[in-house]
Amino acid sequence: MNVIETKNLKKIYSQGEIKVNALNDVSINFKQGEFTAIVGPSGSGKTTFLNTLGGLDKPTFGNVMIDNLDITKLKANKIIDFRLRNIGFVFQSYNLIPVLTAKENIEFIMLMQGYSKEKRNKRALELLDAVGLSKESKRRPGQLSGGQQQRVAVARALASKPKFILADEPTANLDSSSTKNLLDIMYDLNRKEKMTFIFSTHDQRVIDRAKRVITLEDGKILSDKIT
Amino acid sequence: MRQIIKIAWRNVWRNKLRSFIVIASMILGLWSGLFSASMMSALNNQRINSAIKSQLSHLQIHHPSFQDNYDIKYQINSLNEVLEALDENKKVASYSSRIVLSGMASTARGATGVKLIGADHINEKNITDIHSHIVKGTYFSGSTSRQAVIGQELAEKLKLDIKKSIYLTFVNENGLQERLKLKVVGIFKSGNSMFDGSHMFAKKDYLDKIFGKKDIIHEVALVSNDINQVKELKDELLVAFPDNEIELWSEISPELGYANEMLSFFLYIFMTIILIALSFGIINTMLMAVLERKRELGVLMSVGLNKSKIFLMIAFETLFISIVSVPLGVLISYITISYFGDVGIDLSIVEEGLEQFGMGARLYTELYLDYYINITLLTFLLTFISSLFPARRALKLEPAVAVRSI
Ligand SMILES: Nc1ncnc2c1ncn2[C@@H]1O[C@H](COP(=O)(O)OP(=O)(O)O)[C@@H](O)[C@H]1O
Ligand SMILES: [Mg+2]
């Protein structure tokens, strides 16, 4: 079953006279439980693609169907609410609210969704355990390493029980052992909880772990391989 | 909501130095505004109090026509009933019944228009404080009857000194000119040179003897136990004695009452200007705080914080700054104003200039509770308005753009 279907996605940025085709007619589907890497050189459109999938950005043409709902047609406040309930995001950096502890960051999303206090507490502790940060629950982002911060970000993305998680170069700022650690955790979650991950990267070691690799170039799909 | 408030509160303390500077400037601004207001208010009150004590008293009763041109025949109507009513009224602390003669004071060296107040000089001490402002001689003494106590400016104009004679020419009840000869026994300086240049006091017994009767009274000046009751007292007396003119100090000297109203209006304008300037500082700082957190706000929007929550968060951050600084600023102002209200501020450097307006050399700062409360409310109102600008700016951020920008 397809979680995401895109049809003829185009995104044209205009910088004065110059028009940039950041996405050029991208039609592609993602299934439940995928572990997919979006690769391609810098400027190939990876970020634009992920932002469009997550409804952060509206395509110039085309549709993004999530469980058969066209999110490009949703109004601004509706889409925020939709994201809150269906899509988990992990960015390259600045993922966490700096003034909240690791645990509070995770609970925050659930609070927005209206979970009870007990549920929030229980799930936050479970998730911290899943990303191996039980001991760091009371630390604020500033007191965590880059790798730890990204793991909290993954835990937070999971907290809302999304349909899939979009991660834009989640390992770009991490050293190799942190990168491996984060990928292990993501891989485990994918295997055990069937969580769908779609992440962009240009790190070969990350690409090697993916089950499907989609290569973008100049906003077009160059290849789509299942390994 | 509670979570948003919690985050906003913690955000305020992220950049401690910056928040501290904004808070300190708010406190300083509030303090300097309130303190200057208290000085202005004190100057004004001092002027009013000195006028009340040396000339106006709280309330005066006259014949309705007397003050038109001080005609000697316009004496208080139903005098005995009036005095009886005053004796019985608990709001009245004391009163003095006076003969007031308007005329020409002269010596061999010159002449000038004056008002002679003839009162029981012992009782008069309860009403006016002229007796404590004698700079030369005494405030009446012994039993000689032709004594006069005159203002310093008047003495200078007429080149008078104590033990010298002064003549007062006035029009008597029959419309004829009459002349009194008095001897200066004391010279006073009330602090208001205009008053001191045109007033003199004499013993009432002596004037009674001249007129041959005791019940010529043009003016009753009274002091109440509580100046706030005077308006009520006036209304009571007006009901009982509608055929007399009964005036509050602010009506006798409308320019003083008017100055009082103007001042409180002016003080609000003054404070509003200071507060608006402070608000600009807050807006500027908070706009900076929003713009440098673009990326973070973008992430918040991406993970499900909707616009109204972002708006609230930024608005609360701004409000918290004033919630911290306003009570501190008001408290510090209150403490310093109370302190200088007790010990006073030495104004001797500028004393000469102030004196002719009836102001003393020491200033005791004071500020009404109303003013504190209104300024506090006004500050919150203005910071609330200021908080809307940065919050609105945050709303304009597009998550896709915000997450890209570093
Ligand atoms: N806001 C924007 N305005 C104009 N051009 C943009 C904007 N965002 C991205 N682009 C352009 O779109 C193209 C794709 O960018 P991006 O999706 O960030 O690529 P990647 O993430 O693969 O590096 C690039 O040529 C980039 O310069
Ligand atoms: Mg990118």
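In this predicted model, helix α9 of chain B, residues 230-240, is covered on its buried side by several elements of chain B, including β1 (59-62), α4 (79-88), β2 (92-107), β9 (219-224), β10 (245-248) and α10 (249-252). The residues of α9(B) that are buried are B:Val230, B:Leu233, B:Lys234 and B:Leu237. Viewed down the helix axis, these buried residues fall within an arc of 100 degrees, so they line one face of α9(B).

Charged pairs come next. Over all chains, the structure holds 30 salt bridges. One of them joins B:Glu173 to B:Lys213, with the closest N and O atoms 3.8 Å apart. B:Glu173 sits in the loop between β6 (165-171) and β7 (177-188) of chain B, and B:Lys213 in the loop between α8 (204-211) and β9, so this pair ties together parts that are 40 residues apart in sequence. B:Glu173 is partly exposed, at 36% relative accessibility, and B:Lys213 is likewise partly exposed, at 36%.

Another salt bridge stays within one helix. B:Lys204 pairs with B:Asp208, the closest N and O atoms being 3.2 Å apart, and both residues belong to α8 of chain B, four residues apart, or about one turn of the helix. B:Lys204 is buried, with a relative accessible area of 12%, and B:Asp208 is buried too, at 9%.

A further pair is part of a wider set. The side chains of B:Arg293 and B:Glu296 meet in a salt bridge at 3.9 Å, N to O. B:Arg293 has a relative accessible area of 8% and is buried; B:Glu296, at 8%, is buried as well. Together with B:Arg14 and B:Glu317, these two residues are linked in a network of salt bridges.

Turning to the interface, 28 residues from chain A and 24 residues from chain B take part in the contact. About 2,300 Å² is buried between the two chains, and carbon and sulfur atoms give 67% of that area. On the side of chain A, A:Ile80, A:Tyr94 and A:Val99 lose the most area to chain B, together 24% of what that side buries. Two salt bridges are counted between chain A and chain B, and B:Lys6 forms a salt bridge with A:Glu104, with the closest N and O atoms 3.1 Å apart. Six residue pairs are in polar contact across the interface. The elements giving two or more residues to the side of chain A that touches chain B are α1 (46-53), α2 (76-86) and α3 (102-113) of chain A, and α3(A) supplies the largest share, five residues. By type, this side of chain A divides into 15 nonpolar, eight polar and five charged residues.

Note on methods:
Residues numbered from 1 in each chain as written. Chains lettered and ligands numbered in written order. Predicted model: local features only at pLDDT ≥ 70, side-chain atom pairs only at ≥ 80, totals over all residues. Heavy atoms only, no water. Contact = heavy atoms within 4.5 Å. Buried area = accessible area lost by both parts, 1.4 Å probe. Salt bridge = Lys/Arg side-chain N within 4 Å of Asp/Glu carboxyl O. Polar contact = N/O pair within 3.5 Å; in protein donor to acceptor, adjacent residues only side chain to side chain. Nonpolar A, V, L, I, M, F, W, Y, C, P; charged D, E, K, R; others polar. Buried < 20%, exposed > 50% of the residue type's maximum accessible area, 1.4 Å probe, protein only. Arc of directions from axis to C-beta.
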